[in-house]
Amino acid sequence: MNKRKTVTGVLLSSLLILSGCGKQSADSSMKEEKETPVSDAYKTWKKTSEGVKTDNYTADYECHYTMTFSDDTKTSFDLSGNLKVDNESSSYTQNVNSNGTEFALAGYYMNGRLYNSYNDIKYYEDMSFEDYLGTLMVPFDSPFWSNDEIESITGEKDSEGNTVYTISFKDGKADDVFSSRYDAYGLKDYDDYKVKSSEVILQYDSKGNRVQEKTKFTSSVSYSSQSVSVEYESLVKYSDNGSTEVSISDDTKEELKSYVPYDQIDTSGSEESDGNT
């Protein structure tokens with residue numbers, strides 16, 4: 001997942017629960033790891049994941065952060081949205097509640113340009129399709145992890161004939177898995193970052209299409225002399241694989257002409273209102 005720092009990312013990060021940045025503690029211990037035997041479940045999942053087509057789909061998605069401080073105060077971040085992808089044309093909607101502050105985003109991506117609406121701010125920004133997906137704070141590419149990163153993997157059929165893989169990650173490896181694919185906050189940059197538990201559930205239909213990707217990670221960091229427990233959950237449900245259409249009406253195309261370049265909008269007001277520097 002490419003988490004490019006676009007103006008959209010800046011707008012979202014202005015409502016981060018943990019403002020500021022701590023430095024990551026160095027881990028001086030070197031652990032000798034034993035090679036993990038390759039299971040049949042890993043082999044079949046790897047083959048399925050590598051064969052997934054990601055050029056046409058609809059996704060309903062959500063992610064949730066709950067941060068509990070050592071003084072028992074809590075903050076939360078909740079996001080939900082819908083994404084439609086047809087090759088490199090796309091549309092999305094997104095609703096965010098950051099500890100009680102709500103805002104909405106919506107946009108279209110076509111011909112290498114994102115036309116975005118952030119509450120009443122309308123702008124466009126040129127970027128790659130990969131970078132566009134990276135602004136949405138949830139990954140949509142097909143995941144891949146090496147066998148040596150995985151603590152356990154099981155595969156079984158559900159009542160509808162879908163194959164469900166449940167994956168957990170090794171101590172130490174889970175830190176990198178979470179920070180590189182799922183975490184939009186950059187928790188790895190805080191002191192004492194550590195993933196304590198991990199679970200990813202991947203579901204595929206009989207044709208090898210994605211049905212859903214569900215995750216739960218528990219991690220901890222240190223911030224302002226407090227320990228913070230971070231619960232993260234995400235869910236992406238896929239549908240209309242290979243039959244999704246992204247249609248933009250003539251009226252909408254005419255409206256998009258009124259959008260301004262991203263460098264002509266002012267986001268300082270939203271950042272200052274949150275107390276971030």
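**Figure 1. Asp-183, a buried residue in a loop.** In this predicted model, Asp-183 has a relative accessible area of 3% and is therefore buried. Asp-183 belongs to the loop that runs between H4 and S9. Its side chain reaches the backbone nitrogen of Tyr-185, the distance being 3.0 Å.

**Figure 2. Helix H4 and the strands that surround its buried residues.** Helix H4 spans residues 173-182 and is mostly covered, with seven of its 10 residues buried. These buried residues are Ala-174, Asp-175, Val-177, Phe-178, Ser-179, Arg-181 and Tyr-182. Which strands do the buried residues of H4 pack against? They pack against strand S1 (56-69), strand S8 (163-169), strand S9 (191-204), strand S10 (210-223) and strand S11 (226-239). An α-helix has 3.6 residues a turn, so residues three or four places apart point the same way.

**Figure 3. The protein chain as a whole.** This view provides the setting for the close-ups. The secondary structure of the protein chain consists of six helices and 12 strands. Of the 277 residues in the protein chain, 45% are buried. Among contacts with a separation of 6 or more, 64% are between residues 24 or more positions apart. The protein chain has an accessible surface of about 14,400 Å², and carbon and sulfur atoms contribute 43% of that surface.

Figure 4. Rolling a probe the size of a water molecule over the atoms shows where empty space is left. The count comes to one cavity of 30 Å³ or more. The largest cavity holds about 40 Å³ of space. Its lining is formed by Pro-143, Leu-202, Gln-203, Tyr-204, Arg-210, Gln-212, Glu-213 and Tyr-238. S9 and S10 are the elements that give two or more residues to this lining. By residue class, the lining of the largest cavity comprises four nonpolar, two polar and two charged residues.

Figure 5. Tyr-123 is part of strand S6, which covers residues 121-126. Is Tyr-123 buried or exposed? Tyr-123 counts as buried, because its relative accessibility is 0% and the cut-off for burial is under 20%. Tyr-123 and Tyr-262 are 139 residues apart along the chain, and their C-alpha atoms are separated by 5.4 Å.

**Figure 6. Gln-226 and its contacts.** Gln-226 lies in strand S11. Not counting residues up to four places away in sequence, Gln-226 touches Phe-69, Ser-70, Asp-71 and Val-221. With one of these residues, Ser-70, the side chain of Gln-226 makes a polar contact, side chain to side chain, at 3.1 Å. The C-alpha atoms of Gln-226 and Asp-71 are separated by 7.7 Å, although the two residues are 155 residues apart along the chain.

Figure 7. Thr-244 is found between S11 and helix H5 (250-256), in the loop that joins them. With a relative accessible area of 4%, Thr-244 is buried. Which backbone atoms does the side chain of Thr-244 reach? The side chain of Thr-244 reaches the backbone oxygen of Asp-240 at 2.9 Å, and a polar atom of that side chain lies 3.4 Å from the backbone oxygen of Tyr-57. Not counting residues up to four places away in sequence, Thr-244 touches Asn-56, Tyr-57, Thr-58, Lys-84, Val-85, Asp-86 and Ser-239.

**Figure 8. Two loop residues with positive phi.** Asp-72 occupies the loop between S1 and strand S2 (74-86). Its phi is near 75°, a positive value in a residue other than glycine. Asp-72 counts as exposed, because its relative accessibility is 65% and the cut-off for exposure is over 50%. Asn-99 occupies the loop between strand S3 (89-98) and strand S4 (101-110). Although Asn-99 is not a glycine, it has a positive phi of about 55°. At 45% relative accessibility, Asn-99 counts as partly exposed.

Key:
Residues are numbered from 1 along each chain as its sequence is written. This is a predicted model: local features need pLDDT of at least 70, side-chain atom pairs count only at pLDDT 80 or more; totals for chains, interfaces and linings use all residues. Side-chain values use heavy atoms; hydrogens and water are left out. Helices (H or I, at least four residues) and strands (E, at least two) are DSSP runs, numbered from the N terminus. Buried means under 20% relative accessible area, exposed over 50%, partly exposed in between (1.4 Å probe, protein chains only). Contact means heavy atoms within 4.5 Å. Accessible areas come from the Shrake-Rupley method with a 1.4 Å probe; for residues, only the protein chains shown count as cover. On a 1 Å grid over the protein atoms alone, a cavity is a set of points where a 1.4 Å probe fits but cannot get out, and a pocket is an open set with protein on both sides within 12 Å along at least five of seven lines; lining residues have an atom within 4 Å of a point. Grid points are joined across faces, edges and corners, and a volume is the space filled by probe spheres set on the points. Ala, Val, Leu, Ile, Met, Phe, Trp, Tyr, Cys and Pro count as nonpolar, Asp, Glu, Lys and Arg as charged, and the others, Gly among them, as polar. A polar contact is a pair of N or O atoms within 3.5 Å; within protein, one must be able to donate a hydrogen and the other to accept it, and residues adjacent in sequence count only if both atoms are side-chain atoms.
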